[in-house]
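Colleague: I've got a structure open on my screen and would like to talk it through. Could you take my questions one at a time?

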Amino acid sequence: MDIIRVKGGHRLHGSVQVAGAKNSALKLMAATLLAPGATTLTNVPNISDVHVMGKVLKYMGASIDVIDEHTLLIDTSAVSMWEAPYELVAQMRASTAVMGPLLGRFGKAKIAMPGGCNLGARKIDMHILGLEALGVHFDTDHGYIYADAAEGLVGTDVSLEFASVGATENLIMAAVRAQGCTTIDNAAREPEIVDLACMLNKMGAKIEGAGTPVIKIEGVAELHPVEHQVVGDRIEAGTFVVAGALMAGAEGIEVTGFNPLHLDMVIKRFASMGIECERIAGGIHVRPVEHIKPIDIQTLPFPGFPTDMQPQAMLVSALADGNSIITENIFENRFMFASELVRMGADIHIEGHHAMIHGVRSLSGAQVVSPDLRGGAALVLAGLCAEGTTEVSAIHHIARGYERFVEKLVALGAQVAYVTVPDPNFD
Ligand code: EPZ
């Protein structure tokens, strides 16, 4: 069994460049289905979720050439299947992002119903409601969702009950090929949505308002392949900002490869905790925080505080002078990280969607289990500042969204390594 072993107390120096955003790259890959031909994606993160999305596209008949580690040439000319199979959707819920483009290209889609995940039910009812408004008929049978727009997709006005990232993306990718205009009200505003709209417009789509709550899409007859660079990963960047705040040497560290504006709320809230971030070309310079002030944080859709930075913020709060409250409004079950951090000496009490965190002076290394992608990364960060050694297992979660996480930390001076240990489940 592979684990990540961290020896605490080593200061970080230098700079780290983040990869392209997982939560954009996966959708951009799905969007290539809308443009028969060869689309080139650059700055693609080399992570396991991208590999799974590649399998989904190949299953449908696409071909993918890995030009270099971060450049994919995706040719969807020969795609003749419109099915995302159970074994791939079960591996990665984001496979459902092919539903919109399959409907846009073929007028039909067969998608394995996504199960829940560690974060909660992860339903797609809003995706379905919005697509039904565009003229899609849905059936479910034996764990699969059958979507059919036999009479074609017809543009209309859609209001989302909640600013769902996935629902906004699927609706955009269907509406770009609908007859007439579609308006999405209460649309998600994440930078990854803007990145998707930018690529689709380069492909010939007519999308206005991406990044605002109202997105207008005028359907077009066809889309053509393009070259597009994936936006930098703001969440990976925020993760390294926390590493720097907690463990950088006096000179601080630089985190580059992303747009600091995409992390604006995080920088603002961290500033009120005493974390000084200075904007530099292509990123942020962060210095070690001397005295962490407590904070109250609510996770919200962009531009609010991102739920994907909640475990990292909880780690900072766990070492603050005083009491903090973190309220998780996006997922129903995103506090498992807290129970692992308590094993390292944190003082955290969970009440429903609220985490009450009483700051402690220090954490102690322990054996902990990654609950999910962001919680796993935050546990490694906790090990950086804990006394002694921390061993993080279930590290496949981390590999889903962080490219070379250990190597990047080692390059910054951390004492971190992958280690193979006997699996306790096998005697
Ligand atoms: C995307 O998930 C991201 N994943 C998540 O990142 C991120 O946390 C989330 O957006 C919020 O920013 C990808 O982009 C691959 P939602 P998504 O639709 O699209 C509920 C990470 O760590 N909901 O905005 O699934 C849903 O259950 C991951 O990188 C419905 O009830 O997020 C959740 O509680 C984790 N019905 C909430 O809304 C629906 O039809 C937010 O979901 C859709 C969503």
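What follows is a chat about domains, cores and charged pairs.

Colleague: Before we start, what kind of model is this, and what pLDDT do local features need?

Modeller: Residues are numbered from 1 along each chain as its sequence is written, and side-chain values use heavy atoms, with hydrogens and water left out. It's a predicted model in which totals for chains, interfaces and linings use all residues, side-chain atom pairs count only at pLDDT 80 or more, and local features need pLDDT of at least 70.

Colleague: Which residue ranges make up domain 1 and domain 2?

Modeller: The bounds come from an automatic or database domain assignment. Taken over C-alpha atoms, the centres of the two domains are 30 Å apart. As for the ranges, domain 2 is 22-229 and domain 1 is 2-19 + 232-420.

Colleague: How much area do domain 1 and domain 2 bury between them?

Modeller: Interface size is often given as the accessible area lost when the parts come together. Here buried area is the accessible area (1.4 Å probe) that two parts lose on being put together, summed over both. Of the area between domain 1 and domain 2, 50% is on carbon and sulfur atoms, and the total is about 2,000 Å².

Colleague: Which residues of domain 1 lose the most area to domain 2?

Modeller: The contact (heavy atoms within 4.5 Å) takes 23 residues from domain 2 and 26 residues from domain 1. Three residues together account for 30% of what the domain 1 side buries, and they are Phe302, Arg400 and Glu403.

Colleague: How many salt bridges does the rule find across the interface of domain 1 and domain 2?

Modeller: Side chains of opposite charge can pair when their charged atoms come close. The rule wants a side-chain nitrogen of Lys or Arg within 4 Å of a carboxyl oxygen of Asp or Glu. A search of the whole structure finds 13 salt bridges. Across the interface of domain 1 and domain 2, the count is three.

Colleague: Is glutamate 192 buried or exposed?

Modeller: Glutamate 192 sits in helix α7 (residues 191-202); helices are DSSP runs of H or I with at least four residues, strands are runs of E with at least two, and both are numbered from the N terminus. Buried means under 20% relative accessible area, exposed over 50%, and partly exposed in between (1.4 Å probe, protein chains only). With a relative accessible area of 6%, glutamate 192 is buried.

Colleague: Which residue forms a salt bridge with glutamate 192?

Modeller: Leaving out residues up to four places away in sequence, glutamate 192 touches Ala21, Asn23, Ser24 and Arg234. In the salt bridge, the closest N and O atoms are 2.8 Å apart, and the partner of glutamate 192 is arginine 234.

Colleague: How many residues apart in sequence are the parts that glutamate 69 and arginine 404 tie together?

Modeller: Glutamate 69 and arginine 404 form a salt bridge, with their closest N and O atoms 2.9 Å apart. Glutamate 69 is in the loop between β4 (63-68) and β5 (71-75), while arginine 404 is in the loop between α13 and α14 (405-411). Glutamate 69 is partly exposed at 31% relative accessible area, and arginine 404 is partly exposed at 40%. The pair ties together parts whose separation in sequence is 335 residues.

Colleague: What relative accessibility does arginine 334 have?

Modeller: Arginine 334 forms a salt bridge with aspartate 308, their closest N and O atoms being 2.8 Å apart. Aspartate 308 is buried, with a relative accessible area of 15%. Arginine 334 counts as buried too, because its relative accessibility is 4%.

Colleague: Which residues have the most contacts inside the largest nonpolar core?

Modeller: A nonpolar core is a set of buried Ala, Val, Leu, Ile, Met, Phe, Trp, Tyr and Cys residues joined through side-chain atoms within 4.5 Å. The largest one has 75 residues, and a second, separate core of 73 residues includes Phe270, Ile292, Ile348 and Tyr402. In the largest core, the residues with the most contacts are Val98, Leu131, Ile172, Val176, Leu200 and Ile207.

Colleague: Last one: how far apart in space are valine 419 and serine 393?

Modeller: Valine 419 is in strand β24 (residues 415-420) and counts as buried at 17% relative accessibility. Valine 419 and serine 393 are 26 residues apart in sequence, and their C-alpha to C-alpha distance is 9.9 Å.
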